[in-house]
Amino acid sequence: MRKSVEKKWDLAIDPDTVRLFILKAKAISAAVNDDYQDGTEHEVELEDTHAGHHHDGLAEEEEQDLTAEELRELIADLNVDEAADLVALVWVGRGDYDAAEWEDAVAAARERANKRTASYLLGLPMLADYLEEGLEALGA
């Protein structure tokens, strides 16, 4: 039987803020995944495409872009310590570090800190899952 992590981690970023990021990342992922249900793209009919054709693709893309842009801005607004914690949470959630190595993960994240943190994180297809796993590993 595995014991839960007993240490209370001193996070610079509020776990509720991370949960908000998780929700936004899931919304971005859901918008992308809706286009590929059942492993195939939506069918496109080539015959008579102008008569009565209505395409909401641009509206869907704009909604997805707004959510991604919101998350990008929220991440960009984090201070250095919060951004390092967020990246370290991803790394713990992904399995690069375990909870006992939290301080090492944060130190490594601080060393690699730059203005492209949001781009790095938004480029991770499983961002929401990694953040959830990271929070769970720390018991936050």
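Is Asp 16 buried or exposed? I found Asp 16 exposed, at a relative accessible area of 51%. I kept in mind that this is a predicted model.

Next I checked the partner of Asp 16. Its side chain forms a salt bridge with Arg 19, with 3.1 Å from N to O. Arg 19 is partly exposed, at 35% relative accessibility.

Then I went through other charged pairs. The structure holds six salt bridges. One of them joins Lys 24 and Glu 70, whose closest N and O atoms are 2.7 Å apart. This pair links distant parts of the chain, as Lys 24 is in helix H1 and Glu 70 is in helix H2 (residues 57–76), 46 residues apart. I noted Glu 70 as partly exposed, at 37%.

I also looked up Asp 96 and Arg 94, which meet in a salt bridge at 2.5 Å, N to O. Asp 96 is partly exposed at 41% relative accessibility, and Arg 94 is partly exposed at 33%.

Asp 10, Asp 98, Glu 101, Glu 103 and Asp 104 form a negative surface patch. Of these, I placed Glu 101 in the loop between helix H3 (80–94) and helix H4 (102–111), and its relative accessible area of 32% makes it partly exposed.

Last, the whole chain. I read six helices and zero strands. Of the 140 residues, 31% count as buried. The accessible surface comes to about 10000 Å², and 47% of that belongs to carbon and sulfur atoms.

How values were computed: Residues numbered from 1 in each chain as written. Predicted model: local features only at pLDDT ≥ 70, side-chain atom pairs only at ≥ 80, totals over all residues. Heavy atoms only, no water. Patch = residues over 30% accessible without salt bridge, like charges linked within 9 Å, V, L, I, M, F, W, Y side chains within 5 Å. Areas by Shrake-Rupley, 256 points an atom, 1.4 Å probe, with all protein chains shown as cover. Salt bridge = Lys/Arg side-chain N within 4 Å of Asp/Glu carboxyl O. Lys, Arg positive; Asp, Glu negative; His and termini not counted. Charge placed at Lys NZ, Arg CZ, Asp CG, Glu CD. Helix = DSSP H or I, 4+ residues; strand = E, 2+ residues; numbered from the N terminus. Buried < 20%, exposed > 50% of the residue type's maximum accessible area, 1.4 Å probe, protein only.
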